[in-house]
Amino acid sequence: MSRPEDNLPPDLFYNETESRKYTTSSRIQNIQAIMTNRALELLGLETPSLILDIGCGSGLSGEILSEADPPHTWIGMDISPSMLAVALDREVDGDLLLGDMGQGLPFRAGSFDAAISISAIQWLCNEDEKGVDPKTRLSRFFDSLYACLKRDGKAVCQFYPRDDKQRDMICSAAIKAGFGAGLLEDDPETKNKKLYLVLTVGGEGNKDITGVVRNMDGVDVYDARKKLLAKAKGDAKHGTKAWIMKKKETDRRKGKVVKSDSKYTGRKRGIKF
Amino acid sequence: MKLLTANFLSCAVKSCKSSPLSFPLHFRDAELASKSVPYNPLLLSNLLPRLDWTALVTSSSELGFTLPATKPLLQSENIGEEDENTLKMLHKVLMETEVVEGKMVCGSCGFEYGIHQSVGNFLLPSHLV
């Protein structure tokens, strides 16, 4: 299947016809609704909140935010004027802005309770023009997103990475910006798999990202940090006998001249008078 | 653009990030409209601590109406009659007042963000990013 990201930049790809097609297709509406509801579930908002919708398009996801229980107020941002024109025609409740998320979000610190983004952030990885660096754009986006969310705030970004490399690039940019990050995968190993990047801004109740899915059914948690921790533990401590043996072993494999092991290897020397 | 949104927007130009003048953006040649929105007292009381009241007073005076100089505070957990009036006023100002056409200007660099059909244009030319 061809990816729209591979053809044109987003503001040109979503022209009038494409925007209308996107908004009226019942299949896309359905998928968007499922993803937005899932994102809302992950955000777990209990009171009416102010939400930023990044890449709001024609307001398909925004409509669900307005109709949710409790009803939320949202501000949407998109780069495609045609998409926003469709949103205006549909008279959505949220306020709309024309803007490029890769240029940074123009909001002051601590503005929003939460942010969602449905099928948008993979566009940041495009290199459409000369002098556009996806890494810079990603870090500008995540840095400004981190700043404009309030403490204890959360963001859920559903996205379609081209491959694992792109996925890791997006995740590491988010972690670099300071977010606690986790990936949730719905329907894994199928054609319909959906990736959600769940981000939390530090705070008391938000320290551990796995807490987001603690009360959800049918979610397996795979914690990559534990593996890292175990690996760090497995490494021999600097200066111990085990560490010396390991070092000698690697040098031997490299073909260097290494003194043979004996019972004195790595032993402390006695005090000399 | 609602006044609520305007209260959170600051200039996105790189050199303005550290300048205190980049917030709030100042309205010019604004054309107003009123749009009815469902009243949501809980959301408003949630938002109240986050609002920058001085900025709100500045933008509303630019649009030609006056607000009390100090931020109204809610009396208690339960919404009484006085609080109800405050919230109704806030609802009218923040949610129902919209700038349909006009410009927003940064106080620091003077960049003009156009507002057209109540959608603000925050795309920057690449040399300013």
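Me: At roughly what angle do the axes of helix α2 and helix α5 of chain A cross?
Reply: The model is a predicted one. In chain A, helix α2 covers residues 16-24 and helix α5 covers residues 81-89. Their axes come within 8 Å, and the crossing angle is roughly 50°.

Me: Which term describes how α2(A) and α5(A) lie to each other?
Reply: The axes cross at roughly 50°. Roughly parallel would need an angle under 35 degrees, and roughly perpendicular 65 to 115. The two helices α2(A) and α5(A) are therefore oblique.

Me: Is the crossing of α2(A) with α5(A) left-handed or right-handed, and which residues of α5(A) make the contact?
Reply: α2(A) passes α5(A) in a right-handed crossing. On the α2(A) side the contact is made by A:E16, A:S19, A:R20 and A:T23. By class, the contact has 2 nonpolar, 3 polar and 2 charged residues. From α5(A) the residues are A:S82, A:M83 and A:V86.

Me: Is A:D223 buried or exposed?
Reply: A:D223 sits in the loop between β7 (194-200) and α8 (224-234) of chain A. Its C-alpha atom is 9.8 Å from that of A:I209, 14 residues away along the chain. A:D223 has 12 C-beta neighbours inside 10 Å, and 12 or fewer is the criterion, so A:D223 counts as exposed.

Me: How far apart are the C-alpha centres of domain 1 and domain 2 of chain A?
Reply: The domain assignment of chain A gives domain 1 as 4-224 and domain 2 as 236-273. The distance between their C-alpha centres is 53 Å.

Technical notes:
Residues numbered from 1 in each chain as written. Chains lettered and ligands numbered in written order. Predicted model: local features only at pLDDT ≥ 70, side-chain atom pairs only at ≥ 80, totals over all residues. Axes fitted to C-alpha atoms, helices over the stretch in contact; angles between N-to-C directions. Helix = DSSP H or I, 4+ residues; strand = E, 2+ residues; numbered from the N terminus. Parallel < 35°, antiparallel > 145°, perpendicular 65-115°, else oblique. Left-handed = near helix turned anticlockwise from the far one by under 90°. Contact = placed C-beta atoms within 7 Å. Nonpolar A, V, L, I, M, F, W, Y, C, P; charged D, E, K, R; others polar. Domains from an automatic or database assignment. Buried ≥ 20, exposed ≤ 12 C-beta atoms within 10 Å, placed from the backbone.
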